[in-house]
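Please look over the sequence and the structure before reading on.

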Amino acid sequence: MGEPRGTHVPVLLERCLELLAPALELPGAVHVDFTLGLGGHAEAVLERYPDVVLIGLDRDTEALAHSRHRLAPYAGRAHLVHAVYDELPRVLDELGIPRIHSGLFDLGVSSLQLDEADRGFAYAQDAPLDMRMDQTTGITAEQVVNEYEPGELVRILRTYGEEKFATRVVSSIVRERQKGRITSTARLSELVKEAIPAAARRTGGNPSKRTFQALRIEVNGELATLESAVPAALDALAPKGRLVVMSYQSLEDRIVKRALTARTRSTGPVDLPVELPGTGPTLRLLTKGSEPPSDDEVAANPRAASVKLRAVERLDKNDQATGAARERPRLSTHGGRGRLRPGEREEGEGKA
Ligand SMILES: C[S@@+](CC[C@H](N)C(=O)[O-])C[C@H]1O[C@@H](n2cnc3c(N)ncnc32)[C@H](O)[C@@H]1O
């Protein structure tokens with residue numbers, strides 16, 4: 001099996017490995033690559049950590065086939081599973097593995113999905129309107145475009161694509177639907193282009209980008225699975241275990257940020273001077289906010305341009321007791337904060 005078209009450079013590889021290193025060095029470490037893709041990150045982990053066991057998940061059977069070939073030298077300690085990433089608890093159960101020590105989410109589409117002519121993810125090349133990451137199941141973009149109610153389509157384009165001209169784009173789609181079914185990415189791109197005012201087309205890149213992103217998110221239920229997958233990953237993380245998440249657009253990053261920061265705060269009563277058992281933070285943030293890529297990284301790998309990286313470590317019981325006691329908010333005297341009170345906004349909340 002050959003390499004997919006286009007060079008595939010794993011995004012922020014060295015930074016990911018640096019952040020995960022202490023977890024990968026734990027005895028009996030199990031690393032989960034939640035978005036195996038072409039196996040670039042996974043291969044580096046297996047190569048550099050000869051004792052680490054890998055669980056690699058992907059919902060795309062073609063990606064799994066490529067990774068199975070690439071990771072064949074490590075087959076004895078690599079479990080590659082066709083699964084949606086929020087199915088981790090079932091996968092662990094089936095493998096008889098109770099805990100994980102390290103995890104990586106590299107969200108979005110792979111270069112394989114973008115480059116394969118028949119997948120329909122890329123607006124730059126003509127293909128059937130599919131966009132399913134798992135081609136064995138689920139609805140296609142063609143069904144969404146041709147069969148959804150106009151109001152529902154507007155909501156999807158606005159919410160998932162942040163498309164300001166959603167109503168105009170959907171009117172153009174609906175007019176075309178009356179003539180016949182829209183079946184190709186090229187036709188959809190033309191309709192979007194015609195619908196966006198010329199002045200707006202001159203800025204902000206390809207006008208189809210937002211519509212294609214919105215359809216892809218809808219077809220694959222991307223945000224809903226991410227909402228459940230991050231907490232499931234954190235629940236499975238052993239003490240001192242680490243998780244790195246790379247997202248490529250603000251909707252994903254917001255979900256990740258909420259899921260991670262929720263566990264860095266106390267859930268006990270605000271006015272108690274000490275932490276109650278079981279109410280302390282269970283996570284420590286390893287990154288300050290979300291980390292952008294360096295200029296060098298973007299120059300070497302244009303796909304990294306929009307990446308936002310966040311990383312956390314699961315506290316062990318001792319850290320939880322001492323760390324929590326240290327971080328208790330003393331609101332009555334200093335107004336210091338370890339967690340938010342009702343109605344308070346987190347720093348940066350609401351910003352992209
Ligand atoms: C950006 S690629 C990962 C690239 C990978 N890190 C590498 O080095 O080759 C993202 C992969 O995640 C997969 N994916 C996206 N959403 C998923 C989900 N909900 N469950 C499982 N896999 C998913 C896609 O099919 C794609 O292969």
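## Helix α4 against helix α12

In this predicted model, helix α4 (residues 88-95) and helix α12 (residues 222-236) cross at roughly 40°. Their axes come within 9 Å.

From α4, the residues L88, P89 and L92 take part. They meet A232, A233 and A236 in α12. By class, this contact has 6 nonpolar residues, no polar and no charged ones.

## Helix α1 against helix α2

Helix α1 (residues 13-24) packs on α2 with the axes 11 Å apart. The angle is about 45°. Angles under 35 degrees count as roughly parallel, and 65 to 115 as roughly perpendicular. α1 is therefore oblique to α2. The crossing of α1 past α2 is right-handed.

L13, C16, L17 and L24 make the contact from the α1 side. H41, A44, V45 and R48 make it from α2. By class, the contact of α1 with α2 has 6 nonpolar residues, 1 polar and 1 charged.

## The protein overall

The protein has 352 residues, and 40% of them count as buried. It contains 15 helices and 7 strands.

Among contacts with a separation of 6 or more, 68% join residues 24 or more positions apart.

How values were computed
Residues numbered from 1 in each chain as written. Predicted model: local features only at pLDDT ≥ 70, side-chain atom pairs only at ≥ 80, totals over all residues. Helix = DSSP H or I, 4+ residues; strand = E, 2+ residues; numbered from the N terminus. Buried ≥ 20, exposed ≤ 12 C-beta atoms within 10 Å, placed from the backbone. Contact = placed C-beta atoms within 7 Å. Axes fitted to C-alpha atoms, helices over the stretch in contact; angles between N-to-C directions. Nonpolar A, V, L, I, M, F, W, Y, C, P; charged D, E, K, R; others polar. Parallel < 35°, antiparallel > 145°, perpendicular 65-115°, else oblique. Left-handed = near helix turned anticlockwise from the far one by under 90°.
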